[in-house]
Amino acid sequence: QEQLEESGGGLVQPGGSLRLSCAGVSGYPLNYYAIGWFRQAPGKEREGVACISVGDDSTYYDASVKGRFTISRDKAKNMVFLQMNSLKPEDTAVYHCATDSACRYRSEDSKLWDYGVDIWGKGILVTVSS
C-alpha cells in the first residue's frame, strides 16, 4: 500500500508553472520527516530536486532549479508542495516525493542525495513542451 501520493503533474508549456503536492496516505505523518522531491527523466539517472527538513523546515535546492522551484510544507494538512515556475523542457520527468530523516545536501555543488530515503511515492509525470 502506498504511503505517499503525488498529484498536480501534467503538461505545461515552457515558461509555465505547476504545483506538485505530496500527501500522506491514510494520515501517514509527513510532519515527522524530511521530505524530498526527486525526478527521473527518460534515459537519465534519478536526481534530487528539493528538500524540506523536519523541525525547522529548512529548504534545499538542486542548482538546476534554484530560484525557480519552491518547496513548502503545510503541517495542518500533512502535505508538502513543490511550486515550479519558469519551467523548461529539461524539467520533464517523473517526480517522486520521499521521506527521509534529514535532507542529504552537499553545499559544494548544491546536490541532493537519496541514500537515506525510506519511503517513495509512485511518482507523477511532468511534461514541459510546446
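**The largest cavity and its surroundings**

Modeller: Strand 4 supplies 3 residues to the lining of the largest cavity, the largest share of that lining. The model is a predicted one, and it contains 1 cavity of 30 Å³ or more. The volume of the largest cavity is about 50 Å³. Its lining is made up of Ile35, Gly36, Phe38, Cys51, Ala98, Asp100, Ala102, Cys103, Arg104, Leu112, Trp113 and Val117. Strand 4, strand 9 and strand 11 (111–113) are the elements that each give two or more residues to this lining. Sorted by class, the lining holds 9 nonpolar residues, 1 polar residue and 2 charged residues.

Cysteine 51 and cysteine 103 are joined in a disulfide, with 2.0 Å between their sulfur atoms. The link between cysteine 51 and cysteine 103 is left-handed, at -85 degrees about the S-S bond. Because cysteine 51 belongs to strand 5 and cysteine 103 to the loop between strand 9 and strand 10 (104–106), this pair ties together parts that lie 52 residues apart in sequence. Both ends fall under the 20% limit for a buried residue: cysteine 51 has a relative accessible area of 6%, and cysteine 103 has one of 16%.

The chain has 2 disulfides. The other one joins cysteine 22 to cysteine 97, with a distance of 2.1 Å from S to S. At 70 degrees about the S-S bond, the link of cysteine 22 and cysteine 97 is right-handed. Cysteine 22 is in strand 3 and cysteine 97 is in strand 9, so the pair connects parts 75 residues apart in sequence. Cysteine 22 is buried, at 0% relative accessible area, and cysteine 97 is likewise buried, at 0% relative accessibility. With the bonded cysteines counted along the chain, the disulfides follow the pattern 1-3, 2-4.

In soluble globular proteins, nonpolar side chains tend to be buried together. The largest nonpolar core here has 28 residues, and those with the most contacts inside it are Trp37, Leu82, Met84 and Tyr95. Two or more residues each come from strand 3 (18–24), strand 4 (34–40), strand 5 (47–52), strand 7 (69–74), strand 8 (79–84), strand 9 (93–100) and strand 13 (124–128). Tyrosine 95 shows how such parts meet: when neighbours within four places in sequence are left aside, its contacts include Leu20, Trp37, Phe38, Val49, Phe69, Leu82, Met84 and Val126.

The lining of the largest pocket divides into 2 nonpolar, 2 polar and 5 charged residues, whereas the lining of the largest cavity has 9 nonpolar, 1 polar and 2 charged residues.

Note on methods
Residues numbered from 1 in each chain as written. Predicted model: local features only at pLDDT ≥ 70, side-chain atom pairs only at ≥ 80, totals over all residues. Heavy atoms only, no water. Core = buried A, V, L, I, M, F, W, Y, C linked by side-chain atoms within 4.5 Å. Buried < 20%, exposed > 50% of the residue type's maximum accessible area, 1.4 Å probe, protein only. Helix = DSSP H or I, 4+ residues; strand = E, 2+ residues; numbered from the N terminus. Contact = heavy atoms within 4.5 Å. Disulfide = S-S within 2.5 Å. Nonpolar A, V, L, I, M, F, W, Y, C, P; charged D, E, K, R; others polar. 1 Å grid on protein atoms, 1.4 Å probe; cavity = no way out; pocket = protein on both sides within 12 Å on 5 of 7 lines; lining within 4 Å. Points joined across faces, edges and corners; volume = space filled by probe spheres on them.
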